[in-house]
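Subject: Structure handover

Hello,

Please find the structure for your review below. My notes on what was found follow it.

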Amino acid sequence: MNESKYMIVDLATQQPTIKPIGDYLFARQGDNRRPLPIWFQQSGQPLALDGYTVEWAQTNADGTPLVVSGTTISGAVVGQMIFYFPANAFAVAGAVIGHFLIKKESDGSLISSIDLSFDVKKDNVLMNIDTTPFMNDWEQFKSGIKSQTEALKGEVDGFDSTIKGAQEQANSITTLINNNQVAKKTDLDNYISKSASGAVAGTISADNFKDSAGNDLTGVAKLLSGLIAGYNTAQPMTAWPKRSGIYAYDASTFSKDQLPPYLGTFQTGMFWQAYIDENNRYIKWLGSGWEQYVVGGTWSKKFNLVGIDIYSGSLSKGNTIQLATPLTYFDEIEIRVSYKNGHFFGNMAVGDYRALMAGIVSANNGATLLNLEFSVDSTLQNLTVSQLNQIVGGNLTAVLDTLSINIKGFRKYSVGV
């Protein structure tokens, strides 16, 4: 319904603000569910009716009081509603005086409107606003003010000297303001606008900043510098990073028996590390395409072992391969696999004969886990592929392709010994 069709009832004013009732209501004596669109306001502002109920209290032409709860529906704007009068509101012909009661049961709030009067006739119902009760109160208020004015007039003279002193003090304060010796309202408004949440104008400098959780920018800067250490220039590394991030490396700074796998002493570049703890992490050597997924083994142990190639070729599920050296000769086995343009590393402890490898492959644009399991003969030199599965998106499926595979064995002895 258009806002212009709502009768405005301002709960904070005594003045009528409505047009002739014919613009809002049509009813006859005995009519039921006659709608009256009302827009409740408070000092000219819409009054939110959330949590309130609306009743109509009236006195019929025969002097009988009546309180009715008409059916209400909300309007399109805050404070708007349509009140449906029940039949007993128009049951008695003659002058009906009443008012609306806006109530909230949860806290006992009660707001009454100004009085409205109906002229209930057989053919129609006329309405106007009755401001008499309010005007009577106003006249009494004015009368009380008049009587008090005479008494107050005699005290005014006594304030002259006080006012004069205050004026002198005001002049002094004005001088300070004009000399820019005190903060003015415009200064305060400008400060608040830059201190509140939101965009900050200009440049703010300070030794440090802290957020509501106590985190300071200095600490954040140190953390970021650690995460991207040497991003533009490869840096010598004395220890493996103990957090996730992208790092630079210079392979020439490693001793020969501690070089990362498949990298030469001349190489420099970047690697990405997903760190879980010192025994569990994932590293991708960017540029080379090699990835290594380590579970339950330390890097320091791995790089202090010397690897020997014991098999290089291809396999699929059910194949048996013969190693160049029996597994009993080694402390740890490393398996690398090329599969669907991805490169995978995995470790296999002697006696376990299972390798779990992870990497990103272009075939499915996501992370893939390879699960490779062997059965071995009594010599521990012949391996038969008993399980070759992949896990993509949580689903386990058999790998039917032939894989390119390289197997290294590691023992604890130094290079050259």
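Ile391 stands opposite Leu396, a residue of strand β23. This is a predicted model. Strand β22 covers residues 382-392 and strand β23 covers residues 395-398, and the two pair in the antiparallel sense over four bridges. Together β22 and β23 make a hairpin with two residues between them. Gly393 sits in the turn and has a positive phi of about 60 degrees.

β22 also pairs with strand β17 (residues 320-322). Three bridges join β17 and β22, and the two strands run antiparallel. At one of these positions, Thr320 has Thr384 in β22 as its bridge partner.

Gln390 is a further residue to look at in β22. Is Gln390 buried or exposed? With a relative accessible area of 12%, Gln390 is buried, because the cut-off for that term is under 20%. The side chain of Gln390 makes a polar contact of 3.1 Å with the side chain of Tyr339. Neighbours within four places in sequence aside, the residues in contact with Gln390 include Tyr339, Lys340, Thr368, Leu369 and Leu370. Asn395, Leu396, Thr397 and Val399 are also in contact with Gln390.

Next, the charged pairs. Side chains of opposite charge can pair when their charged atoms come close. How many salt bridges does the count come to? The count comes to two salt bridges.

One of them is between Lys103 and Glu55, with the closest N and O atoms 3.5 Å apart. This pair links distant parts of the chain, 48 residues apart: Lys103 is in strand β8 (residues 94-104) and Glu55 is in strand β4 (residues 53-59). Lys103 counts as partly exposed, at 23% relative accessibility, whereas Glu55 is buried, with a relative accessible area of 16%.

Asp309 and Lys408 also form a salt bridge, and here the closest N and O atoms are 3.2 Å apart. Asp309 belongs to strand β16 (residues 306-315) and Lys408 to strand β24 (residues 403-411), so this pair ties together parts that are 99 residues apart in sequence. Asp309 has 47% relative accessibility and counts as partly exposed. Lys408, at 16%, counts as buried.

On the surface there is a nonpolar patch formed by Ile173, Leu176, Ile177 and Val182. Together these residues have about 280 Å² of accessible area. Ile173 lies in helix α2, which spans residues 160-178. The relative accessible area of Ile173 is 44%, so Ile173 is partly exposed.

Finally, the chain as a whole. The protein chain has five helices and 24 strands. It has 417 residues, of which 33% count as buried. The protein chain exposes about 24100 Å², and carbon and sulfur atoms supply 52% of that area. Among contacts in the protein chain with a separation of 6 or more, 54% are between residues 24 or more positions apart.

Regards

How values were computed. Residues numbered from 1 in each chain as written. Predicted model: local features only at pLDDT ≥ 70, side-chain atom pairs only at ≥ 80, totals over all residues. Heavy atoms only, no water. Buried < 20%, exposed > 50% of the residue type's maximum accessible area, 1.4 Å probe, protein only. Contact = heavy atoms within 4.5 Å. Areas by Shrake-Rupley, 256 points an atom, 1.4 Å probe, with all protein chains shown as cover. Patch = residues over 30% accessible without salt bridge, like charges linked within 9 Å, V, L, I, M, F, W, Y side chains within 5 Å. Salt bridge = Lys/Arg side-chain N within 4 Å of Asp/Glu carboxyl O. Pairing = 2+ DSSP bridges. Polar contact = N/O pair within 3.5 Å; in protein donor to acceptor, adjacent residues only side chain to side chain.
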